[in-house]
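Q: Please take a close look at a single part of this model. I would like its geometry, its ends and its neighbours in one connected answer.
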Amino acid sequence: MKIIGITGGVGAGKSVIMDYLMRNFNAKVVRADEVAHLVTQPGKACYMRLVSLLNDDILKEDGSIDRQKMARKIFNDKGLLSSVNAIIHPAVREYLMNDIEREKELGKRDYYFLEAALLIEEGYEQVCDELWYVYASDEVRRNRLKESRGYSDERIESIMRNQLSDDMFRRHSRVVIDNSGTLEESFKQIEGVING
């Protein structure tokens, strides 16, 4: 089983690429964001530590963490963001390492695709056999974020400023999928990489 990390900036279209990989290959597809959601549920590894750090005003009525409230609370506080990341990222990594081992033991899949915006920053190069960078031009990314998520120019600028540069993504990735054009063009590139 080949372990491939999928990374790229916000709005590059990683989710669409992951959906295609899941539908068309004998692969397990895992999104680090979804794992982070799992490990922060009540009774799970990070829940009490996050509530202790951020107070219970980040909770929904059912007791689960309201991710939007948490995001707003840490958005402009680098120290708080760093503390939250120090709680969540190790738990996500442990979950993923166990999941990868389980999949290896089962021996039923050809690929394990792991998508995360912070693959490079969190050192997943040591975990993955190779990294793929989903690229889209800044203009395309901005338009997607405005249309699909309703983000303001200021929010887009703030997020993009805090992500790795195109050059850094390229330097760490064996494969670059240019997702600026049509999906068909992107899917052809993936077929070429996998079948080439």
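The part to examine is helix α5 (residues 78-106).

A: This is a predicted model, in which local features need pLDDT of at least 70, side-chain atom pairs count only at pLDDT 80 or more, and totals for chains, interfaces and linings use all residues. Residues are numbered from 1 along each chain as its sequence is written, and side-chain values use heavy atoms, with hydrogens and water left out.

Start with the geometry. Helix α5 has 29 residues. Helices (H or I, at least four residues) and strands (E, at least two) are DSSP runs, numbered from the N terminus. From first C-alpha to last, α5 reaches 41 Å, close to the 42 Å expected at 1.5 Å a residue. The expected span is 1.5 Å times one less than the number of residues. There is also a kink in α5: about 25°, centred on Asn-85. The bend at a residue is the angle between axes fitted to the seven residues ending there and the seven starting there.

Now the ends. At the start of α5, a side-chain oxygen of Asp-77 comes to within 3.1 Å of the backbone nitrogen of Gly-79. This is a polar contact: a pair of N or O atoms within 3.5 Å, where within protein one must be able to donate a hydrogen and the other to accept it, and residues adjacent in sequence count only if both atoms are side-chain atoms. Just after α5, Gly-107 has a positive phi of about 65°.

Next, the buried residues. Buried means under 20% relative accessible area, exposed over 50%, and partly exposed in between (1.4 Å probe, protein chains only). The buried residues of α5 include Leu-80, Val-84, Ile-87, Ile-88, Val-92, Leu-96 and Ile-100. Among them are also His-89, Asp-99 and Glu-103. The elements they pack against are β1 (2-7), β2 (27-31), α2 (32-39), α3 (47-54), α4 (67-74) and β3 (111-115). Contact here means heavy atoms within 4.5 Å.

On the α2 side, the meeting residues are Ala-32, Val-35, Ala-36, Leu-38 and Val-39. On the α5 side, they are Ile-88, Ala-91, Val-92, Tyr-95 and Leu-96.

Take a residue from each helix. Val-35 is found in α2. Its relative accessible area is 2%, so Val-35 is buried. Leaving aside neighbours within four places in sequence, Val-35 is in contact with Val-30, Val-92, Tyr-95 and Leu-96. Val-35 and Leu-96 are 61 residues apart along the chain, yet their C-alpha atoms are separated by 8.0 Å.

Ala-91 is found in α5. At a relative accessible area of 12%, Ala-91 is buried. Not counting residues up to four places away in sequence, Ala-91 touches Val-39, Ala-45 and Cys-46. Met-70 is 21 residues from Ala-91 along the chain, and their C-alpha atoms are separated by 18 Å.
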